[in-house]
Amino acid sequence: MTTATAHPNGTTKEAAPDARSVVAGLRATFDSGRTRDVEWRLRQLEALDRLLSENEEAIAAALKQDLGRDAYSSWLIEILSVNMDNSYVRKHLRAWAKPQKSAPPLSFRGLSSMSYQPTPKGVVLVISPWNYPVFLSIAPLVSALAAGNTVVIKPSELTPASARLLAELVPKYVDPTAVAVVEGGPEETQTLIDQGLDHIFFTGSERVGKLVARSAAEHLTPVTLELGGKCPVIVARDANVAVAARRVAATKLVNVGQTCVAPDYLLVERPVLEEFTAKLVAEIKKQRVDAGQPVRVIHRKHAEHIARLVATSGGEHVLPGSVDTETLKVEPAVVLNPDLDSPLMREEIFGPILPIIPVDSIAEAIAFVRSRPRPLAAYVFTASSAVERQVIAETLSGAVVVNQAVFHCAIPSLPFGGVGASGYGSSRGKFGFDEFSQKRALMSMRTTPDLPLLYPPFTKAKRWLARAMIR
Ligand code: NAD
């Protein structure tokens, strides 16, 4: 049976009963006002912290089943980073949730008080991808609950064990009338969007991000898009080459390169090209053996995508790597001087393949970055603050990180988000709280004096006074 559902923004839609009743229940909870209480929000956040800490083993097992990942990496990325963000948010939440004072203009002083109140938006949808199924479901949930919303999470259908575990655990820990997990794929997601929600936080590909934003526009639902793309790494001639090679290799190998902020390609100044390439290859070999990292990618289509990128790249395969589309095992490859228009240099790699492009100068590297879609992060390895300043000033990206990669996304006091093709909106800490809040202006006027100046007829004298007084 399908029924029509009305939303405060005026939209009406037919929907499958499940998504409809989930959203209706969450809306009833929101309308009860319970989620506005900051103490209630803090209790939910504490419960989420416990959910991750008390179920570390079950989470690691589900991630192993879905992604073949080792338990330590899963703890580091999916549990520790979320709990760091969660405790930062809990520490500051009371201050963030208060009405924020605003100084009235001079001519309103003494006549009014002004502030703005961060206000929850209502029922929000979190759509998460498969590459970090727990982190990218629970981190937005922390922000959304901190802001006082009710939340429906739609994890990826490609990581079913993690999705199942979240669906089991979340209602056991947090208020089950305020948070729901809906399992499923595109169809279920679309049905949820069609309920006319108050915010959608989408993490995933550029292609699906556009579809979600288009569907959300039908309901005037605001959207945050956390997308992917190609994150460049510039290696300057004055860089600490050994450290650069070690850090690029380590951050690329995490989760078999299936990370939105992983180094995607390298622009290396010629004077250090040979030394850097040799060190990078040596580091990859060493870390692949030492780290016990997973080698399996998510599914056959993705293994085929990586195989195609390597096969059509051109250039010199200084570390040949390998892709087995049956076992899904992918060994890292380094490609020197690929064809700049090959799929390897045009599509998001999302695997352990590193193309290296030699450049004559930092200006040439910057020009290359600027000629491509704006990335989620840009990395530069240099010892010079002038080079650092130049890269920051002359490129646009979601973030810039100097002499490291990826780590910025686990820092709760920094905003995380894209720009242009890598998305819009922010997450983490205060930025995530703001993303899920409406800034509601509050202005309260005294009833006396009730200045005649403000009422018609606007005589010459009043007009003169208004010009003189209102500042
Ligand atoms: P995806 O876009 O295929 O799927 C993401 C989510 O959208 C899933 O929950 C999926 O069920 C849903 N979905 C898929 N098709 C849909 C449709 N037609 N309509 C509605 N919903 C649909 O992304 P993915 O393959 O799961 O994840 C990989 C991508 O995510 C990469 O591009 C990566 O860079 C990006 N990513 C970005 C970030 C970030 O924080 N910016 C983090 C992780 C991953």
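The following dialogue goes through selected features of a predicted model.

Colleague: Into which domains is the protein chain divided?

Modeller: The model is predicted, and its chain falls into two parts. Domain 1 covers 19-227 together with 425-439, while domain 2 covers 231-411. The centres of domain 1 and domain 2, taken over C-alpha atoms, are 31 Å apart.

Colleague: How should I read the interface, and how much area do domain 1 and domain 2 bury between them?

Modeller: The size of an interface is often expressed as the accessible area that is lost when the parts come together. Here domain 1 and domain 2 bury about 1,300 Å² between them, and 54% of that area is on carbon and sulfur atoms. In terms of residues, 18 from domain 1 are in contact with 17 from domain 2.

Colleague: How many salt bridges and how many residue pairs in polar contact are counted between domain 1 and domain 2?

Modeller: The count of salt bridges between the two domains is 0. The count of residue pairs in polar contact is 7, with both residues at pLDDT 80 or more. On the side of domain 1 that touches domain 2, helix 3 (56-67) and helix 4 (71-97) each supply at least two residues. Helix 3 gives the most to that side, with 4 residues. By type, the residues of this side of domain 1 divide into 8 nonpolar, 5 polar and 5 charged.

Colleague: Let us turn to salt bridges. How many does the structure hold?

Modeller: The structure holds 20 salt bridges. One of them is formed by Asp-49 and Arg-90, whose closest N and O atoms are 3.5 Å apart. Asp-49 is in helix 2 (residues 38-54) and Arg-90 in helix 4, so this pair links distant parts of the chain, 41 residues apart. Asp-49 counts as buried, at 18% relative accessibility, whereas Arg-90 is partly exposed at 21%.

Colleague: The cut-off must fall between those two values. Which side of it do Arg-270 and Asp-360 take, buried or partly exposed?

Modeller: A residue is called buried when its relative accessible area is under 20%. Arg-270, with 45%, is therefore partly exposed, and Asp-360, at 48%, counts as partly exposed as well. Arg-270 forms a salt bridge with Asp-360, with the closest N and O atoms 2.8 Å apart. Because Arg-270 lies in the loop between strand 11 and helix 10 (273-290) and Asp-360 in the loop between strand 16 (353-359) and helix 13 (362-370), the pair ties together parts that are 90 residues apart in sequence.

Colleague: What does the salt bridge between Arg-288 and Glu-331 tie together?

Modeller: The side chains of Arg-288 and Glu-331 meet at 3.2 Å, N to O. Arg-288 belongs to helix 10 and Glu-331 to strand 14 (residues 330-331), so the pair ties together parts that are 43 residues apart in sequence. Arg-288 counts as buried at 17% relative accessibility, and Glu-331 is partly exposed at 30%.

Colleague: Finally, the backbone. Which residues are joined by cis peptide bonds?

Modeller: A cis peptide bond joins Thr-448 and Pro-449, with omega about -5°, and another joins Pro-456 and Pro-457, with omega about 0°. Pro-449 is in the loop between strand 20 (437-445) and helix 16 (460-469), and Pro-457 is placed in the loop between strand 20 and helix 16.

Colleague: What is phi of Asn-337 and of Arg-428?

Modeller: Asn-337, which is not a glycine, has a positive phi near 60°; Arg-428, also not a glycine, has a positive phi of about 85°. Asn-337 is partly exposed, with a relative accessible area of 47%, whereas Arg-428 is buried, with 8%.

Notes: Residues numbered from 1 in each chain as written. Predicted model: local features only at pLDDT ≥ 70, side-chain atom pairs only at ≥ 80, totals over all residues. Heavy atoms only, no water. Domains from an automatic or database assignment. Contact = heavy atoms within 4.5 Å. Buried area = accessible area lost by both parts, 1.4 Å probe. Salt bridge = Lys/Arg side-chain N within 4 Å of Asp/Glu carboxyl O. Polar contact = N/O pair within 3.5 Å; in protein donor to acceptor, adjacent residues only side chain to side chain. Nonpolar A, V, L, I, M, F, W, Y, C, P; charged D, E, K, R; others polar. Buried < 20%, exposed > 50% of the residue type's maximum accessible area, 1.4 Å probe, protein only.
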